[in-house]
Amino acid sequence: MKKLLLILAILSGITCYGLQAHAASIVSTGHQKYNYKEYLSDLAALQKKYPDYLQYKVIGSSADGRKLHDVVVGNPDAKKHLIVIANLHAREYITTQLTMAQIEYICKNYKKKINKKKVSSTLDKVAIHFIPSADPDGTAISQYGFGAIRSKSWRNKMKRTGASSTTWKANARGVDLNRNWPISWAAGGSRGAMGYRGPSAASEPEVKAIIKDVNKIQKKGKIIGLISYHSMGCILYGRCASQATSSVRSKTTRMYQLAQKLTGYRLMPTESISSAKGCSREYFLYKRHIPCITLEVGSSASPVPISQFPSIWRKNKDIPIREAQILS
Ligand SMILES: [Zn+2]
């Protein structure tokens, strides 16, 4: 069937790239609601297809009992590690689809070259860890409504917030997972769609699981960088406040300059540590001394319509491997 499609594509004179990519792909990027079930089955299918380059493990469970994963592409025992986190905000679930497609793209091209460099030689030196879905509960709310919350008491509490489920950003307990990190954390907001920092710093199981995973990775080697995917705005956070070490600053600068070149996204001013108030990027930069950039994909309101995926893909497909190349 694949061969037939390819021949048809060539015969009809259209570029075969689209057909080839589609016919051979596990991760579907053509529909709006890339959901938890599909994500789980794609993870299993990717590992089955690429057992030599890809491994994944459960790093914890979300507040409402969904699994969180670290997917390692490349050599898990490498001395250097790059981390990519997506979907810390529920309605930004297009970033799960994007990172899952990036995982597949790297595996597919493992024996080839990207940017004239062998993918395999970069991945011998650097393990790329993807956490493709950091807020699976919130994603289920954004995709299917509050009925998707398994816990009856949290389901009722979240319904009572009166917020829209579609534009929900928080987890199943109404905590904003990008405001719950242990850096200049202070109480703020109330349980709901967005902005609530939680009852205490790192109170949420999703944040705890990622911190624990980062600790484990750090024991294995050096974390050379972290890429955080959000949506929307076609913007980029890469500047550092004066408190960053010179090494973190220079590496973060290299990371954002490359990301800017590939995506064309607009660079935003930095936050000071004191105004970070629980934000993840500042936590990684100043508490963990990890070079870190944030990319906001898509040009219209979240959930970003899937019609924008081709443009997001063109700009972002090479980001993880190219960042690994410059940092390795
Ligand atoms: Zn976000």
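These are my notebook entries on a predicted model, taken region by region.

**Ground rules.** I number residues from 1 along each chain as its sequence is written, and my side-chain values use heavy atoms, with hydrogens and water left out. Since this is a predicted model, I take local features only at pLDDT of at least 70 and side-chain atom pairs only at pLDDT 80 or more, while totals for chains, interfaces and linings use all residues.

**Zinc site.** I started with the metal. The zinc ion is held by His89 (ND1), Glu92 (OE), Glu92 (OE) and His230 (ND1), at 2.0 to 2.4 Å. Donors here are N, O and S atoms within 2.8 Å of the metal (3.2 Å for Na, K and Ca), and water is not among the atoms, so sites may look incomplete. Helices (H or I, at least four residues) and strands (E, at least two) are DSSP runs, numbered from the N terminus.

Why do I call the arrangement irregular? The 4 donor atoms subtend angles of 55 to 145° around the zinc ion, which makes it so. For the label, four donors are tetrahedral if all angles lie between 85 and 135 degrees; four are square planar and six octahedral if opposite donors are over 155 degrees apart and all others between 65 and 115; anything else is irregular.

Are glutamate 92 and histidine 230 buried or exposed? I find both buried (under 20% relative accessible area; exposed is over 50%, partly exposed in between, with a 1.4 Å probe and protein chains only).

I looked up the peptide bond from serine 231 to methionine 232, and it is cis, with omega near 20°. Methionine 232 is in the loop between strand 7 and strand 8. Cysteine 234 is also placed in the loop between strand 7 and strand 8, and has a positive phi of about 50° although it is not a glycine. At 21% relative accessibility, cysteine 234 counts as partly exposed.

I noted a cis peptide bond between serine 302 and proline 303, omega about -5°. Asparagine 115, in the loop between strand 4 (113-114) and strand 5 (117-118), has a positive phi near 55°.

**Asparagine 35.** I found this residue in the loop between helix 2 (17-23) and helix 3 (36-49). Neighbours within four places in sequence aside, asparagine 35 is in contact with Gln143 and Tyr144 (contact means heavy atoms within 4.5 Å). Its side chain makes a polar contact of 2.9 Å with that of tyrosine 144. A polar contact is a pair of N or O atoms within 3.5 Å; within protein, one must be able to donate a hydrogen and the other to accept it, and residues adjacent in sequence count only if both atoms are side-chain atoms.

**Domains.** The assignment gives domain 1 (1-30) and domain 2 (34-327), with bounds from an automatic or database domain assignment. I get about 900 Å² buried between domain 1 and domain 2, with 56% from carbon and sulfur atoms; buried area is the accessible area (1.4 Å probe) that two parts lose on being put together, summed over both. In domain 1, Ile26, Val27 and Thr29 lose the most area to domain 2, together 64% of what that side buries.
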